[in-house]
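User: I'd like to go through this one feature by feature. For each, give me the general idea and then the case at hand.

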Amino acid sequence: DRYTQASPLHRVTPGAPPFLLIHGEFDFVVPPEQSHKMKDALLAAGDEATLLSLFDPGHFLAAGADSGGLYGGGVQQRPESWIALIDFLEQTIGPP
């Protein structure tokens, strides 16, 4: 019950800000199904959500086990990830 209460998936409501999810289909830390479910829940609530699914391990940015490090797996190295992020930021908050 506590995990359900803490899950962002169960806290989706209409009016959420736009989401960009970038996830590798071979992520061995966080199952890619979680990003698919989150996108589906956001869309069902009428919110804007985009999922870039890549044939790589990892997800784009996540806190690592070390102090302040990032674990991104293969998706962090892909130009498609950075292009999607830049496009998303320009569309949601405007160009720099």
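Analyst: Let's begin with confidence: pLDDT is the predictor's confidence in each residue, on a scale from 0 to 100. This is a predicted model, so to speak of local features a pLDDT of at least 70 is needed, side-chain atom pairs count only at pLDDT 80 or more, and totals for chains, interfaces and linings use all residues. Residue numbers start from 1 along each chain as its sequence is written, and side-chain values use heavy atoms, with hydrogens and water left out.

User: Which helix has the highest confidence, and which the lowest?

Analyst: Helices (H or I, at least four residues) and strands (E, at least two) are DSSP runs, numbered from the N terminus. Confidence is highest in H2, at a mean of 96, and lowest in helix H1 (residues 2-6), at 90. For the whole protein the mean pLDDT is 85, with 83% of residues at 70 or more. Residues 65-70 fall below 50, and that stretch has seven contacts in the model beyond near neighbours in sequence. A contact here means heavy atoms within 4.5 Å.

User: How do the elements run from the N terminus on?

Analyst: The order is α-β-α-β-α, from three helices and two strands. Of the contacts with a separation of 6 or more, 56% are between residues 24 or more positions apart.

User: How much of the protein is buried?

Analyst: Buried means under 20% relative accessible area, exposed means over 50%, and partly exposed is in between (1.4 Å probe, protein chains only). Buried residues come to 27% of the 96 in this protein. The area itself comes from the Shrake-Rupley method with a 1.4 Å probe, and for residues only the protein chains shown count as cover.

User: On to aromatics. How is a pair of rings described?

Analyst: You give the distance of the centres and the angle of the planes. The cut-offs: rings of Phe, Tyr and Trp (its six-membered ring) pair if their centres lie within 6.5 Å, and planes under 30 degrees apart count as stacked, over 60 as edge-to-face and the rest as tilted. This structure holds one such pair. In it, Phe26 and Phe55 sit 4.8 Å apart centre to centre with 90 degrees between the planes, hence edge-to-face.

User: Where in the chain are the two partners?

Analyst: Phe26 is in the loop between strand E1 (19-24) and helix H2 (32-44), while Phe55 is in the loop between strand E2 (49-54) and helix H3 (79-93). They are 29 residues apart, so the pair links distant parts of the chain. Phe26 is partly exposed at 37% relative accessible area, and Phe55 is exposed at 66%.

User: Which residues make the nonpolar surface patch?

Analyst: Patches are made of residues with over 30% relative accessible area and no salt bridge; like charges are joined within 9 Å, and nonpolar side chains (Val, Leu, Ile, Met, Phe, Trp, Tyr) within 5 Å. Here Phe26, Phe28 and Phe55 make a nonpolar patch of about 420 Å².

User: You mentioned salt bridges. How many are there?

Analyst: In general, side chains of opposite charge can pair when their charged atoms come close. The rule is a side-chain nitrogen of Lys or Arg within 4 Å of a carboxyl oxygen of Asp or Glu, and the count comes to two. Asp56 bridges to Arg78, with the closest N and O atoms 2.2 Å apart. Both Asp56 and Arg78 lie in the loop between E2 and H3, so this bridge ties together parts 22 residues apart in sequence.

User: What does Ser35 contact?

Analyst: Setting aside neighbours within four places in sequence, Ser35 is in contact with Leu21, His23 and Leu51. Ser35 lies in helix H2 and is buried, at 10% relative accessible area. Its C-alpha is 9.0 Å from that of Ser53, 18 residues apart along the chain.
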